Amino acid sequence: MPNYEFNVKMTCSGCSGAVTRSLDKFKAAGEIDSFDVSLEEQLVKVSGKADYDAVLVRIRKTGKEVISGKEIPSEST
């Protein structure tokens, strides 16, 4: 399952809330399994079946600037 990490410019809890609401809808649709939005670190981590571009578009639709993004290796057990 793909995992992604995005550096997103968020200046307040409203910004991080917008990203969270957008990803909640994506999760409800079954496209992602989990996500974490960190205002302090300016990071959004996403895990699920959606491809990188779909997640990127979803975050950008909030109007927040995505500074960078990358796929991160899944942790093997």
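Hi everyone. Before we look at the strands, one term: two strands count as paired if DSSP finds at least two bridges between them. Keep that in mind, and remember that this is a predicted model.

Four strands form an open sheet, in the order 2-3-1-4, and the pairing is antiparallel. Which strands are at the edges? They are strand 2, residues 32-38, and strand 4, residues 66-72, and each of them pairs on one side only. From one strand to the next, the twist averages 15 degrees.

Next, the helices. Helix 1, made of residues 13-28, lies across strand 2 and strand 3. Its direction is at about 175 degrees to strand 2. Helix 2, residues 52-60, lies across strand 1, strand 2, strand 3 and strand 4. With strand 1, which spans residues 3-8, helix 2 makes an angle of about 30 degrees.

Is serine 38 buried or exposed? Its relative accessible area is 11%, and buried means under 20%, so serine 38 is buried. What does serine 38 touch, if we leave out residues up to four places away in sequence? The answer is Met10 and Leu43.

Conventions: Residues are numbered from 1 along each chain as its sequence is written. This is a predicted model: local features need pLDDT of at least 70, side-chain atom pairs count only at pLDDT 80 or more; totals for chains, interfaces and linings use all residues. Side-chain values use heavy atoms; hydrogens and water are left out. Helices (H or I, at least four residues) and strands (E, at least two) are DSSP runs, numbered from the N terminus. Axes are lines fitted to C-alpha atoms, for helices over the stretch in contact, and angles run from 0 to 180 degrees between N-to-C directions. Contact means heavy atoms within 4.5 Å. Buried means under 20% relative accessible area, exposed over 50%, partly exposed in between (1.4 Å probe, protein chains only).
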